[in-house]
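Thank you for making time for this.

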Amino acid sequence: MRGLALNILLALVWTLFVGEFSLRELAVGFLLGFLILSVFPLSLGTGGYVQRALAAVRFAGFFARELTVANVQVALFALRRHPPLHPMIVAYPLRLRGDSAQTLLAATITLMPGSVAMGFNPERTVLYAHTIGLNSARAARASVRKVEDALLPLYGQSAAPEESA
């Protein structure tokens, strides 16, 4: 929170410096402020903010790419006479901890065409998802794992080298 507040403060200082209060100058000031916070993370105490902001940008890029690929794949299925849908429900053991992280994972999976998050077990350690277009349960779990891998840095959690599900 301190990093975000400093970044906003630096953006406001930038607009005062250039003498123009506009959305463009705020964006430029925000980017310049982020650059300053990135260069001096130890002295300003903003290392966590910088890492999470960069993880959020990486996740946004990942999500845009995966959403595009999934949309094209589902569109190609719709054009085929007998699409290989292979519908299945898989149980995926979660590494993400916390309600907001798990909810974001479920929402991300649901937003991608071809997969729907169905729910969690009562302990919230397993996510149930319905998928189409994948050949096996292993491939379906791997696709969920890919999304989870992209989310782990956003929540400051690391991927443990673990078993294949």
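Predicted model: local features only at pLDDT ≥ 70, side-chain atom pairs only at ≥ 80, totals over all residues.

Let me begin with arginine 95, which is buried at 12% relative accessibility, where buried means under 20% relative accessible area, exposed over 50%, and partly exposed in between, computed with a 1.4 Å probe on protein chains only. Residues are numbered from 1 along each chain as its sequence is written, and side-chain values use heavy atoms, with hydrogens and water left out.

Arginine 95 has a salt-bridge partner in glutamate 148, with 3.1 Å between the closest N and O atoms; a salt bridge here is a side-chain nitrogen of Lys or Arg within 4 Å of a carboxyl oxygen of Asp or Glu. Glutamate 148 belongs to helix H6, whereas arginine 95 sits in the loop between strand S1 (88-93) and helix H5 (99-111), so the pair ties together parts that are 53 residues apart in sequence. Helices (H or I, at least four residues) and strands (E, at least two) are DSSP runs, numbered from the N terminus. Glutamate 148 is buried as well, its relative accessible area being 0%.

The structure holds seven salt bridges, and another of them joins glutamate 66 to lysine 146, with the closest N and O atoms 3.2 Å apart. This pair links distant parts of the chain, since glutamate 66 is in helix H4 (residues 47-79) and lysine 146 is in helix H6 (residues 137-151), 80 residues apart. Is glutamate 66 buried or exposed? At 14% relative accessibility glutamate 66 counts as buried, whereas lysine 146, at 41%, is partly exposed.

A further salt bridge brings together the side chains of glutamate 20 and arginine 24, at 4.0 Å from N to O. Glutamate 20 is partly exposed at 37% relative accessibility, and arginine 24 is exposed at 54%.

Now to the strands. Three of them form an open sheet in the order S1-S3-S2, with antiparallel pairing, where two strands pair if DSSP finds at least two bridges between them. S1 and strand S2 (115-120) are the edge strands, each pairing on one side only. From one strand to the next the twist averages 25 degrees, with axes taken as lines fitted to C-alpha atoms, for helices over the stretch in contact, and angles running from 0 to 180 degrees between N-to-C directions. S1 pairs with strand S3 (residues 126-131) in the antiparallel sense over six bridges, and methionine 88 stands opposite threonine 131 in S3.

Which strands does H5 touch as it packs on the sheet? H5 touches S2 and S3, and its direction makes about 150 degrees with that of S2, contact being heavy atoms within 4.5 Å. H6, for its part, lies across S1 and S3 and runs at about 50 degrees to S1.

Finally, the open space. The largest pocket holds about 330 Å³, a volume being the space filled by probe spheres set on grid points that are joined across faces, edges and corners. On a 1 Å grid over the protein atoms alone, a pocket is an open set of points where a 1.4 Å probe fits, with protein on both sides within 12 Å along at least five of seven lines, and lining residues have an atom within 4 Å of a point. Of the 19 residues that line the largest pocket, Glu66, Ala70, Gln73, Leu134 and Ser143 are the closest to its centre. H4 gives the largest share of that lining, six residues.
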